[in-house]
Amino acid sequence: MFNSIWLFFQDQILGMKWLNSLIGNGLSLLGFDINGRLGGSVQFFLYDVIKITILLCLLIFFISYIQSYFPPERSKKILERFYGIGANIISALLGTVTPFCSCSSIPLFIGFTSAGLPLGVTFSFLISSPMVDLGSLVLLMSIFGAKVAFAYVIVGLIIAVIGGTLIEKLHMEKYVEDFVKNASNVDISSPTLTKKDRLQYAKEQVMGTFKKVFPYIMIGVGIGAIIHNWIPETWIESILGSSNPFGVILATLVGVPMYADIFGTIPVAEALLAKGAQLGTILSFMMAVTTLSLPSLIMLKKAVKTKLLTLFIAICTFGIILVGYLFNIFSTLFI
């Protein structure tokens, strides 16, 4: 009974399979062959754009409402109460209720660092914020199921905690730019927000974030539609399937220069999975895109020196590749 209810929730509520059928029937009435390349591409594009847009707006509203309780000043006070690896864990968890892309996480990272929080703690936040959030959990559940979604979030948090702890142990504070260390820290208490204020804040975040990420959703879904209906399955399997032992490394390296968030990578991941790419390889690609995008690394270079930036990239890249291979090895546990 419970399994039936959960499958219905996953397929029809999160996955919106009814929407896919509705779009397919509508396109068939208009004369499209949804089993052909063109018709299938149009169906994939419309279905994913509408589905992701609906989930995006609902998730941003919900997450932003929660985020209104954790402004930077309050987050800083929370982190100051913890020490050692406990602080890294709390910092990584706080990253799950903050912005959706790596570039928007960097200003908060700079603020936390200039406020005097341990460097390793702030890096745990910087890693987890774009890689793992509540939105990624729900969206991954809609595509891959609950097991994969929760496993993705857990390993993302582990990478963030280990990465931040390692940076802390190596005492890399001298590789932070002076303007960050010497920035004046004015600790202004956040005003008490009413429920109406929080709802208004959530609405504004929905509009602002939607305008920012919707172009990447369109691009991601477009790429996904091409992969899903135009690229032969044998090509994907030969490059990203089990026959290529370097598929995880290749997917990670391809993902690094790209700039998108979890909403833009989901349709690409969905199409790759349907074409036979390995699960771990797909997740490594998603992690690389969301955590190590080239624009975010350029922004981070303004705040830290080359040695620390290189260490950050190396830790994330190694962790992402390791996770990819582990998922591929144990994929039978998740599918």
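Is Cys316 buried or exposed? In this predicted model, Cys316 is buried, with a relative accessible area of 0%.

## Overall fold

If you turn the model around on your screen, you will be looking at helices: the protein chain has 17 of them, and 0 strands. The radius of gyration is 21 Å, close to the 20 Å that the globule rule gives for 335 residues, so the chain is as compact as a globular protein of that length. Along the principal axes, the C-alpha atoms fill a box of roughly 65 × 50 × 40 Å.

Take the contacts between residues at least 6 apart in sequence: 83% of them join residues at least 24 apart.

## Surface and charge

Of the 335 residues in the protein chain, 51% are buried. The chain exposes about 15,700 Å², and carbon and sulfur atoms supply 71% of that area.

As for charge, the protein chain carries 22 positive and 17 negative charges.

## Cysteines

Back to the cysteines. Cys316, as noted, is buried at 0% relative accessible area, whereas Cys57 is partly exposed, with a value of 25%. If you are wondering about disulfides, the count for this model comes to 0, going by pairs of cysteine sulfur atoms within 2.5 Å.

Now to helix 3, which covers residues 37-67 and includes Asp48. The relative accessibility of Asp48 is 0%, so this residue counts as buried.

Which residues does Asp48 touch, leaving aside its neighbours within four places in sequence? Its contacts are Thr53, Val221, Pro267 and Glu270. One of these partners, Glu270, is another residue of the kind counted as negative.

Lys181 is found in helix 10, which runs over residues 178-181. With a relative accessibility of 39%, Lys181 counts as partly exposed, whereas Asp48 is buried.

Setting aside neighbours within four places in sequence, Lys181 is in contact with Glu173, Lys174 and Val176.

Conventions. Residues numbered from 1 in each chain as written. Predicted model: local features only at pLDDT ≥ 70, side-chain atom pairs only at ≥ 80, totals over all residues. Heavy atoms only, no water. Helix = DSSP H or I, 4+ residues; strand = E, 2+ residues; numbered from the N terminus. Rg over C-alpha atoms; globule rule 2.2 N^0.38 Å. Buried < 20%, exposed > 50% of the residue type's maximum accessible area, 1.4 Å probe, protein only. Contact = heavy atoms within 4.5 Å. Areas by Shrake-Rupley, 256 points an atom, 1.4 Å probe, with all protein chains shown as cover. Charge placed at Lys NZ, Arg CZ, Asp CG, Glu CD.
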